[in-house]
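Visitor: Please take me through the reading of this model, one feature at a time.

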Amino acid sequence: MPTNQQKDDQHREMFNIYEHPGHLLRRAQQISVSIFFDELGDELTPVQYAILSQLALHPGIDQVSLAGLAAIDTSTGASVCARLEEKGLLERRVIPHNRRQRALTITSNGTRMLENMQAGALRLRERLLAPLSPAEQRKFMELLAKLVRENNAQSRAPLAVPGP
């Protein structure tokens, strides 16, 4: 039977937000976004960068599928794509056989911007993982990827697995 001290310790731990993985993940995201803007500037948001990066890998993809690959909801994906189009970084064209969808391609300006951001993206990764040893970095990335992968179905915007 737990002692009063053990019960108090459990109670304190339950309310300590720094014992909750969700809070720590939110803090890690805040830190990551801050370093993102330090290293990559403010021309793109992290979500815009994710969309543009996925588009570079999947030219001609439709907007809904691209949102799935970036793990964002389709309405956010549509507004992000519209903003990227306004910036001249991607083009949207109606798909002839499905007039409700848009095929997307990255523009030469979009490709150039991503290329110019590569060094900053590498510095972002290095800075974010710097407190960990190389072995810890590998293990952390492995565990973080597993956490995301195994909880994907719980997301309001699950990551879509790319088709063939």
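Predicted model: local features only at pLDDT ≥ 70, side-chain atom pairs only at ≥ 80, totals over all residues.

Visitor: How much space lies in the largest pocket?
Guide: The largest pocket holds about 1,800 Å³. Among its 41 lining residues, Gln29, Ser32, Met141, Leu144 and Val148 are the closest to the centre. A pocket is an open set of points on a 1 Å grid where a 1.4 Å probe fits, with protein on both sides within 12 Å along at least five of seven lines; lining residues have an atom within 4 Å of a point.

Visitor: Which helix gives the largest share of that lining?
Guide: Helix α2 does, with 10 residues. By class, the lining has 30 nonpolar, 7 polar and 4 charged residues. Asp, Glu, Lys and Arg count as charged; Ala, Val, Leu, Ile, Met, Phe, Trp, Tyr, Cys and Pro as nonpolar; the others as polar.

Visitor: At what angle do α4 and α5 pack?
Guide: Two packed helices are described by the angle and the distance between their axes. For α4 (residues 63-70) and α5 (residues 74-86) the angle is about 105° and the axes are 9 Å apart. This makes α4 roughly perpendicular (65 to 115 degrees) to α5. Gln63, Val64, Leu66 and Ala67 in α4 meet Thr74, Gly77, Ala78 and Cys81 in α5, where contact means heavy atoms within 4.5 Å. That contact has 5 nonpolar, 3 polar and no charged residues.

Visitor: How do the axes of α3 and α5 cross?
Guide: They cross at roughly 80° and come within 10 Å, so α3 and α5 are roughly perpendicular to each other. From α3, Val47, Gln48, Ile51 and Leu52 meet Val80, Cys81, Arg83 and Leu84 of α5. Here the classes are 6 nonpolar, 1 polar and 1 charged.

Visitor: How many helices and strands does the protein chain have?
Guide: The chain has 7 helices and 2 strands, in the order α-α-α-α-α-β-β-α-α from the N terminus. Its C-alpha trace spans about 70 × 35 × 25 Å along the principal axes.

Methods: Residues numbered from 1 in each chain as written. Heavy atoms only, no water. Axes fitted to C-alpha atoms, helices over the stretch in contact; angles between N-to-C directions. Helix = DSSP H or I, 4+ residues; strand = E, 2+ residues; numbered from the N terminus. Parallel < 35°, antiparallel > 145°, perpendicular 65-115°, else oblique. Points joined across faces, edges and corners; volume = space filled by probe spheres on them.
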